[in-house]
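Welcome, and thanks for taking a look at this protein with us. Below is a short tour, moving from confidence to overall build and then to one residue.

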Amino acid sequence: MIYFDNAATTRPLQLALKEYEDISATLFANPSSGHLYGISAHRKLEQVRDEMLRLLKLEKTHDLIFTSGASESNNLALKGAARQYANRGKRLITNMGEHSSVLNPLRALKEEGFEVVFLPITSDGRVDPETLRGAMDKSTTLVSVMSVNNEVGSYNDLKAIAEVVHSYPKAYLLVDATQSMGKDDIDLSMADLISFSAHKFGGTKGVGALIYRKNIKLHPEHDGGGQEHGFRSGTVNLAGNAAMAVALRDSLEHLKENREMASALKKTVADGLADVDEVVVNSPEDSSPYILNISLLHKKSSVIIEALGERGIYVSSHTACDARRSEPSSVLLAMGLSQERAENSIRISFSHDNTIQDGVEFVAALKQVIEEVKDR
Ligand code: PMP
């Protein structure tokens with residue numbers, strides 16, 4: 001198998017699986033229980049929370065709650081902050097490059113009466129800070145911008161964006177850091193809210209976190225026992241959260257060599273495809289080493305992806321969440337690319353877990369499949 005769909009999810013790290021198993025077996029008490037065993041579980045939960053914040057160098061300024069992943073974190077951040085601070089203003093700003101777990105909650109808030117601005121993105125998949133500046137006003141309470149685009153791998157200039165947002169003291173910045181967590185050495189201290197999922201960096205699925213600046217309050221999405229600082233009721237997944245911290249620690253410890261591996265793989269694949277007439281690259285030059293987005297000019301990408309799958313080679317059309325809907329990529333359209341390119345994109349996403357040989361074999365297989373598949 002060649003697995004090049006690591007932006008959709010990664011193979012869990014052995015270390016993380018071991019932690020999950022150990023904690024499930026030895027510390028399965030409910031951290032909310034008042035007995036000694038529950039208190040031990042609670043202590044472990046707080047240690048994991050502190051470690052996550054320390055690993056990200058955010059322990060002084062921010063706090064963290066555990067969630068089921070980035071989709072939930074984005075929903076809670078957007079709806080929770082918008083509703084909590086509605087008396088300050090009702091303008092919310094995002095952009096067309098964001099994931100559906102940002103765009104759709106904002107569409108729902110628009111229905112509720114909030115004023116929502118969907119900014120365009122540049123041809124290389126970024127938010128232009130000056131465009132953002134033009135859209136800000138005193139009633140803006142929340143701006144949402146991702147760190148790395150999940151389809152093409154473009155980096156946003158978070159420092160410049162935060163400067164614009166914070167020139168309005170009542171406005172908060174949410175950064176969806178799902179595709180950069182454990183992969184990029186990005187300073188996130190300027191973000192007021194940060195969302196991510198564990199399964200994108202070697203943790204288990206259904207686990208994630210929302211980090212928030214200490215003074216921020218969020219209107220909870222559902223009612224219950226008031227766990228997770230009252231913002232997210234429900235029994236926490238201690239084993240999954242502990243495994244996430246192990247995966248994050250390991251990813252950060254090996255960040256440099258993991259990135260070098262991803263860069264070498266991306267180069268192998270991009271160079272290998274450079275002489276194929278049917279292939280155009282959609283990812284900008286300076287995009288994440290973990291993501292290479294291409295389009296096929298005279299072939300249907302769905303047919304090619306299926307043919308690759310029959311050979312045990314796995315890639316996505318665009319995001320795994322939208323892939324089965326077979327709609328053109330909204331990100332590529334927002335970048336100004338043609339309908340044909342947006343309909344026939346392939347996202348190839350790497351991990352340090354892959355080998356250079358995987359890259360070489362992938363190029364050979366893709367060339368062969370392109371030859372074999374009849375013109376549409
Ligand atoms: N945001 C981004 C940028 C993503 O890439 C993803 C996963 N495709 C999500 C949010 C949602 O993550 P999850 O499905 O784990 O909730």
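Confidence in this predicted model is lowest in helix α10 (residues 320–323), with a mean of 55, and highest in strand β6 (residues 172–176), at 99. Where pLDDT is low, the predicted coordinates should not be read in detail. For the protein as a whole, the mean pLDDT is 96, and 97% of the residues reach 70 or more.

**Overall build**
- The protein contains 13 helices and 12 strands.
- Its radius of gyration is 21 Å, close to the 21 Å given by the globule rule for 376 residues, so the protein is as compact as a globular protein of that length.
- Of the contacts with a separation of 6 or more, 72% join residues 24 or more positions apart.

**Inside and surface**
- Of the 376 residues, 57% are buried.
- The protein exposes about 15900 Å², and carbon and sulfur atoms supply 50% of that area.
- There are 42 positive and 51 negative side chains, and the centres of these two sets lie 5 Å apart.

**A look at L332**
- You can find L332 in helix α11 (residues 330–334).
- L332 has a relative accessible area of 0%, so it counts as buried.
- Leaving aside residues up to four places away in sequence, L332 touches V152, N282, N293, S295, L337, R341, A342 and S345.
- E343 is 11 residues from L332 along the chain, and their C-alpha atoms are separated by 8.9 Å.

Note on methods:
Residues numbered from 1 in each chain as written. Predicted model: local features only at pLDDT ≥ 70, side-chain atom pairs only at ≥ 80, totals over all residues. Heavy atoms only, no water. Helix = DSSP H or I, 4+ residues; strand = E, 2+ residues; numbered from the N terminus. Rg over C-alpha atoms; globule rule 2.2 N^0.38 Å. Buried < 20%, exposed > 50% of the residue type's maximum accessible area, 1.4 Å probe, protein only. Contact = heavy atoms within 4.5 Å. Areas by Shrake-Rupley, 256 points an atom, 1.4 Å probe, with all protein chains shown as cover. Lys, Arg positive; Asp, Glu negative; His and termini not counted. Charge placed at Lys NZ, Arg CZ, Asp CG, Glu CD. pLDDT = per-residue confidence, 0-100.
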